[in-house]
Amino acid sequence: MTTVDSSAQTYSGIDDLSVDLVDGVLSLTMNRPASLNSLTKPMLATIADTLQRAAGDARVRVVRIGGAGRGFSSGAGISEEDHANPDATGTPADVLDAANSAVRSIVNLPQPVVAVVQGPAAGVGVSLALACDVVLASEKAFFMLAFTKIGLMPDGGASALIAAAVGRIRAMRMALLAERIPASEAYEFGLVTAVHPVEEFDAEVDKVIAALASGPRVALRLTKDAINSATLTELEAALEREKVGQLSLLDSGDFREGTKAFQQRRQANFTDS
């Protein structure tokens, strides 16, 4: 978990998630580049804990969430390594709870949050990005709800967050067909705030973050709250529905077949009815 020194109010992360506060910008960087920053319970819990602490920290003007290496996040890990030590990485129910807490903490944070998506965002990684207030993508980025490919359903509030951003039909397309949505199409959908060429991406991100960090703190807070209150009315109910449904699916034959097929790089043969 992130620790905060009560006297110095210092933020620190964990091995897989770095946390830094510099000049009013609180940066959270997922740091598992070899797995495209697949998420574990400790990582998600650290995000939630950090942002809950930041909510009352007057030094924090804006939050930046990104990933190390070439991706934003591939979602919750399903590799043998991810599940080898449940005490460290969490049971599926633990991971779901931690993901929901992370999403809530982003949405409820008074300060604006910027998602920096330089590459793939998949699974609950999409939920984390779309919970943010500004989503900046490079031309190499793409978004994918890959859940149905392994016999699961979207979680982390995706069913509400995506529908709020792009509407029911496009949300259904992403969730049911599990298609890869490139950054340019995501922008046309209304899924992201802006798309920039790779060589210009970092500079454009810095511009947006600087503008928010120097903006009117109270006006930004009230604006964020007003828009989220008007558009994310179903988020809490969605988080609960997704948890119930996902826990059921995680115990299904289709999920076992789906993960085995994914690991063996073959087409899954789903048989549940």
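Author: A residue is called buried when its relative accessible area is under 20%. The model discussed here is predicted.

Reader: Why is Ser 27 called buried?

Author: Ser 27 has a relative accessible area of 18%. The cut-off is under 20%, and therefore Ser 27 counts as buried. Its place is in strand β4 (residues 25-30).

Reader: Which residues does Ser 27 touch, beyond those up to four places away in sequence?

Author: With those left out, Ser 27 touches Ser 18, Val 19, Asp 20 and Arg 64. Contact here requires heavy atoms within 4.5 Å.

Reader: What makes a set of residues a nonpolar core?

Author: The members must be buried residues of the listed kinds, such as Val, Leu, Ile and Phe, joined through side-chain atoms within 4.5 Å. The largest nonpolar core has 62 residues, and Val 117, Leu 128, Phe 143, Ile 162 and Leu 191 touch the most other members. Helix α4 (residues 92-108) gives the most to this core, namely seven residues. A second, separate core holds twelve residues, including Val 25, Ala 194, Phe 201 and Leu 212. In soluble globular proteins, nonpolar side chains tend to be buried together.

Reader: Which residues are in contact with Leu 128, leaving aside neighbours within four places in sequence?

Author: They are Met 30, Leu 39, Leu 44, Ile 47, Phe 72, Ala 102, Val 103 and Ile 106.

Reader: How do you know that β7 and β9 pair?

Author: Pairing requires at least two bridges between two strands. Three bridges join β7 to β9 (residues 142-144), therefore the two strands pair; they run parallel.

Reader: What makes β7 and β10 the edge strands?

Author: The three strands form an open sheet in the order β7-β9-β10, with mixed pairing. β7 (120-122) and β10 (180-182) each pair on one side only. Neighbouring strands of the sheet are turned by 20° against each other on average, direction ignored. Helix α5 (residues 124-131) lies across β7 and β9, at about 105° to β7.

Reader: Which element gives the largest share of the lining of the second largest pocket?

Author: That element is α10, with six residues. The lining has 22 residues, of which Cys 132, Asp 133, Val 134, Ile 227 and Asn 228 lie nearest the pocket's centre. The elements giving two or more residues to the lining are α5, β8 (134-138), α6 (158-166) and α10 (217-231). About 520 Å³ of space lies in this second largest pocket.

How values were computed:
Residues are numbered from 1 along each chain as its sequence is written. This is a predicted model: local features need pLDDT of at least 70, side-chain atom pairs count only at pLDDT 80 or more; totals for chains, interfaces and linings use all residues. Side-chain values use heavy atoms; hydrogens and water are left out. Buried means under 20% relative accessible area, exposed over 50%, partly exposed in between (1.4 Å probe, protein chains only). Helices (H or I, at least four residues) and strands (E, at least two) are DSSP runs, numbered from the N terminus. Axes are lines fitted to C-alpha atoms, for helices over the stretch in contact, and angles run from 0 to 180 degrees between N-to-C directions. On a 1 Å grid over the protein atoms alone, a cavity is a set of points where a 1.4 Å probe fits but cannot get out, and a pocket is an open set with protein on both sides within 12 Å along at least five of seven lines; lining residues have an atom within 4 Å of a point. Grid points are joined across faces, edges and corners, and a volume is the space filled by probe spheres set on the points.
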